[in-house]
Amino acid sequence: MNERYAAVPDYHLHTAFSGDCKTPPEELILQAISQGMTSLCVTDHNDLDHPVLPDPVDFHLDTEVYIKSMLSLREKYKDRFDLRIGVEQGVMPETCEKLSDFSLRYPELDFIICSSHFVEGYDPYYPPYFEKYDEKTGYRKYFETILYNVTHFEDYHVYGHLDYILRYGPTKAEFFTAKDYLEIFEEAFKVMIEKGKGIEINTGSLYRGMDFAHPHREILQLYHDMGGEVLTFGSDSHDLVHIGWAFPDAVKEALETGFRYYTTFRRGKPEFHPLENEKFM
């Protein structure tokens, strides 16, 4: 990672507490320190009541053990590193109400990502989703799920990888344009912005063979132009290789889109930091 961008902390990272990751949390911290980072936020998966998957993966988080472990690491490295504790909350329409007071039950959490991983009992990662739906219908159903979630769920700070679905469509984003789903994005962003919710620039797509970070530039621009200001950066890393992946490019895109600040969180409270700073130029 380019050290000039080390001041931008990675706010979407996974460890062995996530069902699809084997990275020890302490190794993640040590790797981040070696890259020149001074802070990051671990956001392990919690997908309550998720469907049974073809692979034997369990995305239910043992939250109490997780938080206890992270607090211990925070204390151990407090003189060298600012560890923030987060969760990537996988939300479905069926779980909005159940998850509504999660942060009240776990006040130690600094940050919550709301993400959509499942649609009508399907994970688009697996072939049956796009065997059931043509690409455009599959995309629309995914975005409609996001709209439902932001309308009925408030216990989060940013929505994660808003167009995650584009990773898995038959043609990816070859024929994608946000205009085809504009009414959904406009309604969702109106709700989110009124509630002070943000989005992330997620660079995980860039090391998964795509040529843009999530969300697509058209979606990012729309959020900004509608008045959205809360923006975090995340690699979605599940290993030690991709921490802070392509953050210089992500920061450049944010500036070109019109953003002038990025956001961090402490105990759920946003902290805004300038992007146009000599550390970044």
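Me: In this predicted model, buried means under 20% relative accessible area. Is Tyr 156 buried or exposed?
Reply: The relative accessible area of Tyr 156 is 1%. The cut-off for a buried residue is under 20%. Tyr 156 therefore counts as buried.

Me: Which kind of aromatic pair do Phe 153 and Tyr 156 form?
Reply: The structure holds 25 aromatic pairs. In the one formed by Phe 153 and Tyr 156, the centres are 5.9 Å apart and the planes make an angle of 10°. Planes under 30 degrees apart define the class, so the pair is stacked.

Me: Which kind of aromatic pair do Phe 233 and Phe 247 form?
Reply: Phe 233 belongs to strand 6 and Phe 247 to helix 8, 14 residues apart, and their pair links distant parts of the chain. Phe 233 is buried at 1% relative accessible area, and Phe 247 is buried at 0%. With 6.1 Å from centre to centre and 55° between the planes, the pair is tilted.

Me: How are helix 7 and helix 8 oriented to each other?
Reply: The axes of helix 7 (residues 217–225) and helix 8 (residues 247–257) come within 10 Å. They cross at roughly 50°, and the crossing is right-handed. The two helices are therefore oblique to each other.

Me: How many residues of the contact of helix 7 with helix 8 are charged?
Reply: Helix 7 contributes Arg 217, Leu 220, Gln 221 and His 224, while helix 8 contributes Glu 253, Glu 256 and Thr 257. Of these residues, one is nonpolar and three are polar. The number of charged residues is three.

Definitions and conventions. Residues are numbered from 1 along each chain as its sequence is written. This is a predicted model: local features need pLDDT of at least 70, side-chain atom pairs count only at pLDDT 80 or more; totals for chains, interfaces and linings use all residues. Side-chain values use heavy atoms; hydrogens and water are left out. Axes are lines fitted to C-alpha atoms, for helices over the stretch in contact, and angles run from 0 to 180 degrees between N-to-C directions. Helices (H or I, at least four residues) and strands (E, at least two) are DSSP runs, numbered from the N terminus. Angles under 35 degrees count as roughly parallel, over 145 as roughly antiparallel, 65 to 115 as roughly perpendicular and the rest as oblique. A crossing is left-handed if the near helix is turned anticlockwise from the far one by less than a right angle, and right-handed if clockwise. Contact means heavy atoms within 4.5 Å. Ala, Val, Leu, Ile, Met, Phe, Trp, Tyr, Cys and Pro count as nonpolar, Asp, Glu, Lys and Arg as charged, and the others, Gly among them, as polar. Rings of Phe, Tyr and Trp (its six-membered ring) pair if their centres lie within 6.5 Å; planes under 30 degrees apart count as stacked, over 60 as edge-to-face and the rest as tilted. Buried means under 20% relative accessible area, exposed over 50%, partly exposed in between (1.4 Å probe, protein chains only).
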